[in-house]
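Welcome! Here is a short tour of a structure that may be new to you, taken one topic at a time.

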Amino acid sequence: MEKKKKIKIDEPTIPDHIIELNIVQLEEERFFSLGKISDCSIEAEIDETVYFDKIIFKNVSFQYASFQSIECTDVIFENCDLSNVDFSDAVFHRVKLKNSKLVGCNLSGATFRNVQLEDCLANYASFGFSDYKQVRFINCLFTNADFYEAKIVKTEFKQCNLHLANFAEVDLNGLDISSCNFENITISMDKLAGCVVSKDQAVGFARAFGLVIKE
(Lines give C-alpha, C1' and ligand atoms only; values in the text may rest on other atoms or scores of the structure.)
Protein backbone atom coordinates (compact mmCIF):
# COMPACT_ATOMS: atom_id res chain seq x y z
CA MET A 1 0.00 0.00 0.00
CA GLU A 2 1.33 3.43 -0.92
CA LYS A 3 2.23 5.49 2.12
CA LYS A 4 0.08 8.57 2.44
CA LYS A 5 2.04 11.81 2.25
CA LYS A 6 1.84 13.98 5.35
CA ILE A 7 0.15 17.29 4.75
CA LYS A 8 2.60 20.17 5.02
CA ILE A 9 1.33 23.07 7.13
CA ASP A 10 3.29 26.33 7.15
CA GLU A 11 3.75 27.68 10.68
CA PRO A 12 3.03 31.32 11.62
CA THR A 13 6.09 33.48 11.14
CA ILE A 14 6.44 35.92 14.05
CA PRO A 15 9.65 37.70 15.18
CA ASP A 16 11.00 36.93 18.67
CA HIS A 17 10.78 40.53 19.82
CA ILE A 18 7.37 42.17 19.47
CA ILE A 19 5.68 44.95 21.42
CA GLU A 20 2.62 44.78 23.66
CA LEU A 21 -0.37 46.37 21.95
CA ASN A 22 -3.13 48.41 23.59
CA ILE A 23 -6.58 46.99 22.83
CA VAL A 24 -8.14 50.46 23.09
CA GLN A 25 -6.76 51.02 19.60
CA LEU A 26 -9.22 48.44 18.25
CA GLU A 27 -11.93 51.05 18.21
CA GLU A 28 -9.84 53.36 16.02
CA GLU A 29 -7.39 51.28 13.97
CA ARG A 30 -8.04 48.57 11.38
CA PHE A 31 -4.50 47.19 10.89
CA PHE A 32 -2.34 45.67 13.62
CA SER A 33 1.12 44.22 13.10
CA LEU A 34 4.12 42.93 15.04
CA GLY A 35 2.58 42.84 18.49
CA LYS A 36 1.22 40.83 21.38
CA ILE A 37 -2.20 41.22 23.00
CA SER A 38 -2.53 39.38 26.30
CA ASP A 39 -4.50 38.98 29.55
CA CYS A 40 -7.50 41.07 28.54
CA SER A 41 -11.06 41.03 27.21
CA ILE A 42 -12.17 42.31 23.81
CA GLU A 43 -15.87 42.99 23.26
CA ALA A 44 -15.73 45.09 20.12
CA GLU A 45 -18.36 44.90 17.37
CA ILE A 46 -16.64 46.05 14.20
CA ASP A 47 -18.42 45.94 10.85
CA GLU A 48 -15.32 46.74 8.78
CA THR A 49 -12.47 44.37 7.96
CA VAL A 50 -9.75 44.31 10.63
CA TYR A 51 -6.29 43.03 9.69
CA PHE A 52 -3.93 41.25 12.09
CA ASP A 53 -0.43 40.47 10.83
CA LYS A 54 2.26 38.78 12.95
CA ILE A 55 0.23 38.99 16.15
CA ILE A 56 0.10 36.79 19.27
CA PHE A 57 -3.11 36.67 21.31
CA LYS A 58 -2.55 35.04 24.71
CA ASN A 59 -5.15 34.65 27.48
CA VAL A 60 -7.57 36.92 25.61
CA SER A 61 -11.35 36.66 25.85
CA PHE A 62 -13.31 37.63 22.72
CA GLN A 63 -16.69 36.41 23.99
CA TYR A 64 -19.60 37.68 21.87
CA ALA A 65 -17.29 40.01 19.91
CA SER A 66 -17.96 40.58 16.22
CA PHE A 67 -15.16 40.74 13.63
CA GLN A 68 -16.85 39.84 10.36
CA SER A 69 -14.40 39.43 7.47
CA ILE A 70 -11.41 39.59 9.82
CA GLU A 71 -8.10 38.77 8.10
CA CYS A 72 -5.33 37.08 10.11
CA THR A 73 -1.89 36.30 8.70
CA ASP A 74 0.89 34.81 10.85
CA VAL A 75 -1.24 34.88 14.00
CA ILE A 76 -1.28 32.69 17.14
CA PHE A 77 -4.22 32.37 19.52
CA GLU A 78 -3.14 30.68 22.77
CA ASN A 79 -5.43 30.04 25.75
CA CYS A 80 -8.05 32.34 24.23
CA ASP A 81 -11.84 32.31 24.57
CA LEU A 82 -13.53 32.85 21.21
CA SER A 83 -16.92 31.54 22.33
CA ASN A 84 -19.83 32.93 20.29
CA VAL A 85 -17.55 35.27 18.34
CA ASP A 86 -18.70 36.24 14.85
CA PHE A 87 -15.79 35.50 12.51
CA SER A 88 -17.99 34.88 9.47
CA ASP A 89 -16.24 35.29 6.10
CA ALA A 90 -12.88 35.50 7.88
CA VAL A 91 -9.56 34.77 6.16
CA PHE A 92 -6.91 32.85 8.14
CA HIS A 93 -3.45 32.23 6.67
CA ARG A 94 -0.64 30.68 8.69
CA VAL A 95 -2.69 30.76 11.89
CA LYS A 96 -2.47 28.50 14.95
CA LEU A 97 -5.06 28.15 17.72
CA LYS A 98 -3.84 26.31 20.83
CA ASN A 99 -5.84 25.31 23.90
CA SER A 100 -8.62 27.76 23.03
CA LYS A 101 -12.42 27.79 23.23
CA LEU A 102 -14.53 28.30 20.12
CA VAL A 103 -17.89 27.15 21.51
CA GLY A 104 -20.64 28.54 19.29
CA CYS A 105 -18.11 30.51 17.24
CA ASN A 106 -19.41 31.57 13.82
CA LEU A 107 -16.80 30.79 11.16
CA SER A 108 -19.25 30.26 8.32
CA GLY A 109 -17.91 31.24 4.92
CA ALA A 110 -14.36 31.52 6.29
CA THR A 111 -11.21 30.66 4.34
CA PHE A 112 -8.48 28.60 6.04
CA ARG A 113 -5.00 28.18 4.57
CA ASN A 114 -2.12 26.66 6.59
CA VAL A 115 -4.16 26.65 9.80
CA GLN A 116 -3.80 24.44 12.89
CA LEU A 117 -6.21 23.92 15.77
CA GLU A 118 -4.76 21.97 18.69
CA ASP A 119 -6.52 21.03 21.94
CA CYS A 120 -9.42 23.34 21.16
CA LEU A 121 -13.05 23.15 22.29
CA ALA A 122 -15.31 23.93 19.32
CA ASN A 123 -18.66 22.42 20.27
CA TYR A 124 -21.62 23.99 18.42
CA ALA A 125 -19.24 26.02 16.25
CA SER A 126 -20.40 26.90 12.74
CA PHE A 127 -18.02 26.12 9.85
CA GLY A 128 -20.67 25.88 7.14
CA PHE A 129 -19.70 26.93 3.60
CA SER A 130 -16.09 27.46 4.73
CA ASP A 131 -13.05 26.58 2.63
CA TYR A 132 -10.13 24.52 3.99
CA LYS A 133 -6.78 23.71 2.42
CA GLN A 134 -3.69 22.58 4.34
CA VAL A 135 -5.44 22.51 7.69
CA ARG A 136 -4.85 20.27 10.71
CA PHE A 137 -7.17 19.65 13.66
CA ILE A 138 -5.54 17.82 16.58
CA ASN A 139 -7.34 16.61 19.71
CA CYS A 140 -10.25 19.02 19.28
CA LEU A 141 -13.87 18.66 20.38
CA PHE A 142 -16.43 19.30 17.61
CA THR A 143 -19.60 17.97 19.25
CA ASN A 144 -22.61 19.38 17.36
CA ALA A 145 -20.31 21.45 15.14
CA ASP A 146 -21.66 22.32 11.70
CA PHE A 147 -19.51 21.83 8.57
CA TYR A 148 -22.44 21.91 6.13
CA GLU A 149 -21.27 22.18 2.50
CA ALA A 150 -17.71 23.09 3.53
CA LYS A 151 -14.93 22.53 1.00
CA ILE A 152 -12.28 20.39 2.70
CA VAL A 153 -9.02 19.67 0.85
CA LYS A 154 -5.67 18.50 2.26
CA THR A 155 -7.09 18.59 5.78
CA GLU A 156 -6.44 16.28 8.74
CA PHE A 157 -8.62 15.43 11.73
CA LYS A 158 -6.44 13.71 14.36
CA GLN A 159 -7.95 12.28 17.59
CA CYS A 160 -10.91 14.66 17.40
CA ASN A 161 -14.40 14.15 18.83
CA LEU A 162 -16.89 14.52 15.96
CA HIS A 163 -19.99 13.30 17.80
CA LEU A 164 -23.16 14.77 16.25
CA ALA A 165 -21.10 16.91 13.86
CA ASN A 166 -22.81 17.82 10.59
CA PHE A 167 -20.86 17.06 7.39
CA ALA A 168 -23.91 17.06 5.11
CA GLU A 169 -23.05 17.94 1.49
CA VAL A 170 -19.32 17.81 2.26
CA ASP A 171 -17.15 15.86 -0.21
CA LEU A 172 -15.24 13.50 2.12
CA ASN A 173 -13.01 11.97 -0.57
CA GLY A 174 -9.48 11.69 0.81
CA LEU A 175 -10.41 12.81 4.32
CA ASP A 176 -9.05 10.53 7.07
CA ILE A 177 -11.21 10.48 10.21
CA SER A 178 -10.14 7.00 11.34
CA SER A 179 -8.54 8.28 14.57
CA CYS A 180 -11.60 10.33 15.55
CA ASN A 181 -14.44 9.44 17.90
CA PHE A 182 -18.18 9.73 17.34
CA GLU A 183 -21.35 7.78 17.99
CA ASN A 184 -23.48 9.66 15.50
CA ILE A 185 -22.44 11.90 12.65
CA THR A 186 -24.33 13.44 9.74
CA ILE A 187 -22.94 12.85 6.25
CA SER A 188 -24.26 12.66 2.70
CA MET A 189 -24.07 9.13 1.36
CA ASP A 190 -23.16 10.29 -2.14
CA LYS A 191 -20.21 12.27 -0.71
CA LEU A 192 -18.72 9.44 1.40
CA ALA A 193 -16.66 7.62 -1.27
CA GLY A 194 -12.93 7.84 -0.59
CA CYS A 195 -13.30 8.78 3.08
CA VAL A 196 -10.81 6.89 5.28
CA VAL A 197 -12.47 5.33 8.34
CA SER A 198 -11.73 2.66 10.93
CA LYS A 199 -13.43 -0.76 10.89
CA ASP A 200 -15.72 0.23 13.76
CA GLN A 201 -16.67 3.46 12.02
CA ALA A 202 -17.42 1.56 8.81
CA VAL A 203 -19.88 -0.64 10.72
CA GLY A 204 -21.48 2.47 12.23
CA PHE A 205 -21.91 4.05 8.79
CA ALA A 206 -23.41 0.84 7.42
CA ARG A 207 -25.98 0.76 10.21
CA ALA A 208 -26.76 4.45 9.69
CA PHE A 209 -27.56 3.67 6.05
CA GLY A 210 -29.97 0.93 7.07
CA LEU A 211 -27.80 -2.15 6.58
CA VAL A 212 -28.25 -5.02 9.04
CA ILE A 213 -24.88 -6.19 10.34
CA LYS A 214 -24.83 -9.94 10.95
CA GLU A 215 -22.65 -10.89 13.90
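## Buried aromatic rings

Phe137 and Phe142 are both buried, a word used here for under 20% relative accessible area with a 1.4 Å probe and protein chains only. Please note that this is a predicted model, where local features need pLDDT of at least 70 and side-chain atom pairs pLDDT 80 or more, while totals for chains, interfaces and linings use all residues. Residues are numbered from 1 along each chain, and side-chain values use heavy atoms, without hydrogens and water.

Rings of Phe, Tyr and Trp (its six-membered ring) pair if their centres lie within 6.5 Å, and planes over 60 degrees apart make a pair edge-to-face. The count comes to 24 aromatic pairs. In one of them, Phe57 and Phe62 sit edge-to-face, 5.2 Å centre to centre with 70° between the planes. Both of these residues, Phe57 and Phe62, are buried. Phe137 and Phe142 have ring centres 5.2 Å apart and planes at 85°, so this pair is edge-to-face.

## Parallel strands

Strands here are DSSP runs of E with at least two residues, numbered from the N terminus, and two of them pair if DSSP finds at least two bridges between them. Strand E2 (residues 31-41) pairs with strand E4 (residues 51-61) in the parallel sense, over nine bridges. Phe31 has Tyr51 of E4 as its bridge partner.

E4 also runs parallel to strand E6 (residues 71-78), joined by seven bridges. There, Tyr51 meets Glu71 of E6 as its bridge partner.

Key. Helices (H or I, at least four residues) and strands (E, at least two) are DSSP runs, numbered from the N terminus. Rings of Phe, Tyr and Trp (its six-membered ring) pair if their centres lie within 6.5 Å; planes under 30 degrees apart count as stacked, over 60 as edge-to-face and the rest as tilted. Buried means under 20% relative accessible area, exposed over 50%, partly exposed in between (1.4 Å probe, protein chains only).
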